[in-house]
Each structure stands twice: as C-alpha cells, then as structure tokens.
Amino acid sequence: MIQSETLELLEWPRLCQHLSTFAATKLGAIASRHLQIPPTQDESLTLIAQTKEVYKLETRLTSSWTFDGICDIGDALERAGLQGILSGEELLNIATTLAGTRQLRRVIDNQEDLPVLTELVADLRTYPELEQEIHRCIDDRGQVADRASTKLAGIRLQMRQQRDRIYQVLQGILQRQSGAVQEQVITQRGDRFVIPVKATSKDAIPGIVHDSSMSGVTLYVEPNAVVSLGNQMRMSIRQEQAEEETIRKALTEQVAAVLPDLERLLAIATTLDLATARARYSYWLQANPPRFVDRTEGETVTLRQLRHPLLVWQYQHEQGAAVVPVDLLIGPQIRVVTITGPNTGGKTVTLKTLGLASLMAKVGLFVPAREPVELPWFDQVLADIGDEQSLEQSLSTFSGHIRRISRILEAIGEKGAEEEEIPNPQSPIPSPQSLVLLDEVGAGTDPAEGSALAIALLKYLADSAQLTIATTHFGELKALKYQDDRFENASVEFDDVSLSPTYRLLWGIPGRSNALAIARRLGLNQEVVENAQTYVGETSQEVNEVIAGLEAQRKLQETKAEETAQVLKQAERFCQEVSQKAAALQERERLLEQQKEQEVQKALAEAKGEIAQVIRRLQQGPMTAQDAVAATEAINQIAQRHLPKPPAKPKPGFMPSEGDRIRIPRLGQTAEVLSSPNENGQLTIRFGMMKMTVSLEDIESLDGQKPELPAKPKPVAGETPTPRGKQAVSVQQEPKPAIRTSQNTLDIRGSRVADAESEVERAIGQALASGVLWIIHGKGTGKLREGVHEFLKRHPLVDRFELSARSEGGAGVTVVHLK
C-alpha cells in the first residue's frame, strides 16, 4: 500500500501519462500509462540497455524505424483462441501487424551493435505465408475478395447478373409508367429494389409497398415483375454471406494454430514501442543514461543539474516558470541528509525530483541531469510528503504523518526480513536498499517533542535505509551532522533583498531562520519584531550570524569559481582559434605545394614537347656531328628554362633502401625502390606500371643527394681503363647486335588497343637492358598496329621503331629501339 501511495505522492502517474504521448501504438501507450517498476536490478539494466540501443537507432536512422501497420490485435487473438470467427478487418490488422513487426526485425538485424534488441527479436516468427493468405482473401477495405474462392466468385457473378436483370426490368417500368412515378430513380429499401410511385397512381404499378415518404405522397413499391428476381437475389446474398463466413473461419483457424507465437510477437512489438517511447521521451528531456553505483564500494551519488521532469513539461507545454536545477552529490558514508530553509524554498521539490529520478532509472528511462548520472538502485522508494489531515477519518496533520511513517517503517522491516532469509548461511546479509523521503519530519505537534521524535526517527533510518532525505524547520536536527558522520546538512538559498527563494540547494550549510527578517521587510510593526527578537535569544542570533557568514563565504567562492570557469572557457576558445589558424596554414601550404607541383608538371610537359621536336629534326636527315652538338645545346637551353637551379652539390653518402622514393635525372621521373642495391650497385625500381633495373650512378635522392658508389674491382691485366670523366671518342666501336629472345618479344595479337598499351609499357621496362623490343601485333585491319605506333611515338623511352624484315614477320611485327 505504501508503495502505491508513494507513487501518487511523487505524481508518478502524471509522468507515465507524459511518456505515453511518445508511444507509436495503442498498446505502447497503454503500457506506458501502466508502467511496471521492475523488482530486480538486472531487469532495470536490461530496460536501460534497450533504451540506449533504440536511442542510438533513432539518432542513426531517418525514417526506417516506424511502427506502421502494428495494431492492437489482443482481443482478436483471444477470440480466435476461443474458436470464434474473426472479421475481415481483424484479419487484416493481423496481417499488417505481421508485416510491421517483420520490418522492425529487419532494421535491427541490419545493425551490428544492438545486442539486446537482437536477442529480443531472435526467436520472433512473423509467418509471411499467413500474411500472404490473409491478403489474398481479404482486400484493403477488410472485405472478403472475389479471389478468395471460386465458389464465392461464381456467387457474386450470379448476383451481378441478377442485379442487372432487376435494373433492366425496373428501367422498362419507369419508361412505360413515367406518369405514375415520382422520380426516375431506382433505390433500395433493405435488400429489395424499389421505385418511387405517386400515391395517387399506386394502382398503375402493382407490387409490394416497402416504405413511404414522410408526407405520404410517395410510395416505394417493388413491382410484382421483380419480386421473384428479388427473392433470388436475397438467396444469393445468403449464399455469399455463408461462403464469406467459411473463408473467414478457415483464416481464423490458421491464426489459432499459431496463437502462442502471435501473442509473443505482439508482446515483443509492445516492448519495442515502449523502449522507443522511453528513448524519445529521454531525448525530449535532454536526459542522460544512468549508471547504478554501489555505495558500499565507496561510490558517490552524482546528480548534477538535476531537473524535475514534470516541471520541464509544465515549462515547455503549459507556460510554466523556468526550471531551476539542483546538484545532489552525496558521499558513500552519508545515510541521512536534512534540508532546512524557509517555506516555498524548493525543499519538497528536491525530494520529489530525487524520488522521480530513482524511479525513472529503475524503469529504463534516462535521468534529466548532466553526465555522469550515478545513483544507487533502490529496491523501495518510500515517501511521506504533504498533509494527510482528514476530517472524515479524524486525523490531524501530526496523526496523518505518523500513520504514514509507520507504514514506511513496516515496509522497510518487511523488506529487511525477506533479505535476511538467505539459504546459504555463509552469504553476507545484504545492506538496506530503500530510499526514504520525509517532508517536514516531526511537524504538527509540540516543537520539543516533535524534534525529539524526528531525531530518533532519523537515527533509526540511518541504520535501516540506504538513504534518507528529510526536510525540517527544527534547529536541533542541524547538529546531528557534528555528532554522526552519516548525517549531512543542506539548505535552500533565500535572497534577503528580494525576500524570495532562489530554489538553489546549498550543501554543508544548515538553513537559517528568515521569519523575522521577512516580517520586518514586509512592514510588520517594528516594536513587535524587536520584542520577538528578544524572545529568540542571543544564542540563536549568533547561530544565524554564523550561518549568514558561511553563506557569504560560499557565494564568494562561487563567484570566484564562475570567474575561473569563464577564464578557462576563454582559454579554450583561444586554443580552438589557434588550432583553426594552424589548420588553415597547413591547408594553405598544401595548396601551394600542389600548385607548385602542377607548375613543375606543366614545365616538364613543355620541355618534353620541345625535346621531341629536336629529336624529330635529327631524324629527318642524315645525322652529323654538328647536328648532334646543336641538339645538345638546344636540350641544355630547354633545361635552363624549365628546370630550377640545382642546389649546392651535396656530399655523397645517400644509400637507397627498399620503399624509398628516388629520382632518375636522365628520365625526369621519380620512382619507388623495390630492392636494395646489390654488390654491383644495381637496384630494382618501379615508376608507374613499369619495373626496371638501374645503377646507383643513374639515381639520386629527392633532395639531390648522390648515392655512395661501391668500390670497383681492379682492371684485368692488359686492359687500359678509361680515365673517369674522359670520353673515349677516338675509337668508335660498333654497337653489339641485338638478339631476339622470349624476354624482349611481346605477342599482343587479338588484344584491344587499350589493353595492348599496358602490355607494351610493361614489356619496355623489361627490355631496357637489351635495348630492342619486338612487338607481334599481326596484320589484320591494321588498327592494332596503328594504335601501338601512336603509343610508341609518345613514349619517352622509345628512340625509334620500324617494321621488321619480311623474314621476321614484315608488317605484322614492329621493332622498337629503346634509349
């Protein structure tokens, strides 16, 4: 009884009503309004995990997470279990519920990080074959469709024919007896077709009168000519109804056959909708997920900027006042907190806010407080709030409080007795887990006896409950903190200037009496106030002055803390601005490097074009020494125009290793090192799609460093080595004849031009050592040969190319001479 009474005192039903507005289905709204509080912490953790995962889905998805089509089919399932016959609309609701639930499961299965929801829908069966059968037999209006059975289709065809025959006969009568009818129209009375006949001409059209107008001027007559047809029509209607009932009965039997699975499906859909309502309500509250702490392990209750959810709703929807949050930081050793201060200062709201926050965490709702949200899992939340004065029950204010507190103590005692019944005697006795909220403890009677009773009660609860929050006006309760470490003081702040509360909760400082100050500022007779001051006594005045001094020191510290926070915020802003400027500078540097690289590439392209022109001029006529000198000078001039000035010659010592990037000056390319240099100074490199072997003499680092060359072996006796830097131009040796092998021969017959280009590119890299490449492309239409020749003309490593001799393939083979 005290549990339900506490829920009413905390206005829990009102919060559940607010939660129900976020549900998507009727069953979800009903479950929200009658929210069950779980009895174990494990159930609460499961509910919180469901809320978290749905919250994640809601923020991740845009429109996929919907409950469209899911209906309240509980009554229909119950009637199907009792062998009743479901209506077409009920069957259609079952089919749409199956489809809607299947869509929810599909959304959950497509996500990888939803273990709790995945486990919830793991055994869900949605019976698509039953859904298809219902849609085959029932149309979108909930009526049995013609396609449901051949017999029904035949009956309805017969009915249409009968209806057409009746209309045909009646139309003939209307035309022949136009003077006797009131209006040229065919209508129905019940399931009989009639025409409006003038009362004065009823004998002109003999038949059965089924109805008349209010004035009696018009009679609705079924002519004798269509009576037999009407009887046949009525029999067809009875046959149609019987066949429809047979079809709906068969579908109902299919539903009844899988009734347990459908009931479980409905329960899972309701659970998902309830979790969605909790997630959406938590998002609207700007709440955060709670974490249950164990105070016996030294953990602290942490609820910063805690807001009352009902006051938030009132502010948002009912134009209420802005909500003032409170901070609740309660150490693990604290069992009782006494809150003092003036009336209307927010003491009772603080009690209700903590009570609702505890209940919200238990049912899986997020708590409207700043992260981290840390509070214990209370097995009971018990409250004595408000005035239980009753004239009917002859209860005074004090009597009402005492009776309710007695029920609270009985509930705590019963719970403790249950926890002490432990099967294993080696197990420790669990610590008390109840939260007790007492408003104006000990009030309503003699102050001395009331304060004594309040002290005894709070000391008892310090031993019996996990946490007790009590509001009071008794000054004696303020001293309990200094007698027992399990007690703590708090007070609600009061502004002496405006004579109004600020609704802020101050920790560690007991509240002081403001009655005389308020009376003086509100204009009470000065003599009365001064006399009252003498009755209070000097000790009380000194205590109030000490408390006032503590409050002043607290305000000063809060002011300094706010100033420090502002300075920290400003420093963070400056740091962010510096980071943004640094990022902008890096981006600018990247763009400049990109622009510089584009300019270099453009210069290289222009230089390659000019070099190609020089080469073509040399190829046009017989080559002489003067032509070679002129070409060399032209290339040197091109290099001076396009290449940057070389930096100071670095000291040798660079040694490439696998994975390094190097430059090949003679080719004007950068490449990646695939293997370290061997003992002969040879290494394998790759640029583009081509691999090749080069000497250390032909490469340099990206910053221009030349590699350290290995020591050359001594020349063989009888040989005269050429001095370094000298060219042996006096004796011109004949070039070594090229030999055609499988290594320098490429067969691309049957390939497309685009595919052949990559093959030729790779073959050129492999044939650089021999200096000659044979490409077999065949004769055919000549398209492949032309495409290859165009590619060779643009290639920087190709010196020249020509068709091979007739004995080696003629026009079907191209010989490529490499540089």
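**Ring contacts and helix packing in a predicted model**

Reader: In this predicted model, which residue lies over the face of tyrosine 220?

Author: The model is predicted, and its values are computed from it. A charge counts as sitting over a ring if CZ of Arg is within 6 Å of the ring centre and within 35 degrees of the ring normal. At 4.1 Å from the ring centre of tyrosine 220, the residue over its face is arginine 189.

Reader: How far is the charged end of lysine 362 from the centre of the ring of tryptophan 377?

Author: The charged end of lysine 362 sits over the ring of tryptophan 377. The distance from the centre of the tryptophan 377 ring is 4.6 Å.

Reader: How are the rings of tyrosine 55 and phenylalanine 366 classed: stacked, edge-to-face or tilted?

Author: The count of aromatic pairs comes to 8. In the pair of tyrosine 55 and phenylalanine 366, the ring centres are 5.5 Å apart and the planes stand at 40°. Planes under 30 degrees apart count as stacked and those over 60 as edge-to-face. With its planes at 40°, the pair is therefore tilted.

Reader: How many residues apart in sequence are the parts that tyrosine 55 and phenylalanine 366 tie together?

Author: Tyrosine 55 belongs to helix H4 (residues 41–60), whereas phenylalanine 366 is in the loop between helix H13 (347–362) and strand E9 (370–375). Tyrosine 55 is partly exposed, with a relative accessible area of 24%, while phenylalanine 366 is buried at 3%. The pair ties together parts whose separation in sequence is 311 residues.

Reader: Which residues are linked into a cluster by ring pairs?

Author: The cluster is built from ring pairs, and rings pair if their centres lie within 6.5 Å. The residues linked in this way are Phe22, Tyr281, Trp284 and Trp313.

Reader: Within what arc do the buried residues of H5 fall?

Author: In helix H5 (residues 74–81), Ala76, Leu77 and Ala80 are buried. Seen down the axis of H5, these residues line one face of the helix, because the arc within which they fall is 100°.

Reader: Which exposed residues does H5 carry on the face turned away from its buried side?

Author: The buried residues of H5 are covered by elements including H6, helix H10 (227–257) and helix H11 (259–285). On the face of H5 turned away from the buried side, the exposed residues are Asp75 and Glu78.

Reader: Which residues does glutamate 90 touch, not counting residues up to four places away in sequence?

Author: Glutamate 90 is found in helix H6 (residues 88–109). Its relative accessibility is 19%, so glutamate 90 counts as buried. With residues up to four places away left out, the residues touched by glutamate 90 are Ala76 and Arg79.

Reader: At roughly what angle do the axes of H6 and H10 cross?

Author: Gly88, Leu91 and Ile94 in H6 meet Arg248, Leu251, Thr252 and Val255 in H10. The crossing of H6 past H10 is left-handed. The two axes come within 11 Å, and their crossing angle is roughly 40°.

Notes
Residues numbered from 1 in each chain as written. Predicted model: local features only at pLDDT ≥ 70, side-chain atom pairs only at ≥ 80, totals over all residues. Heavy atoms only, no water. Phe/Tyr/Trp six-rings, centres within 6.5 Å; stacked < 30°, edge-to-face > 60°. Helix = DSSP H or I, 4+ residues; strand = E, 2+ residues; numbered from the N terminus. Buried < 20%, exposed > 50% of the residue type's maximum accessible area, 1.4 Å probe, protein only. Contact = heavy atoms within 4.5 Å. Arc of directions from axis to C-beta. Axes fitted to C-alpha atoms, helices over the stretch in contact; angles between N-to-C directions. Left-handed = near helix turned anticlockwise from the far one by under 90°.
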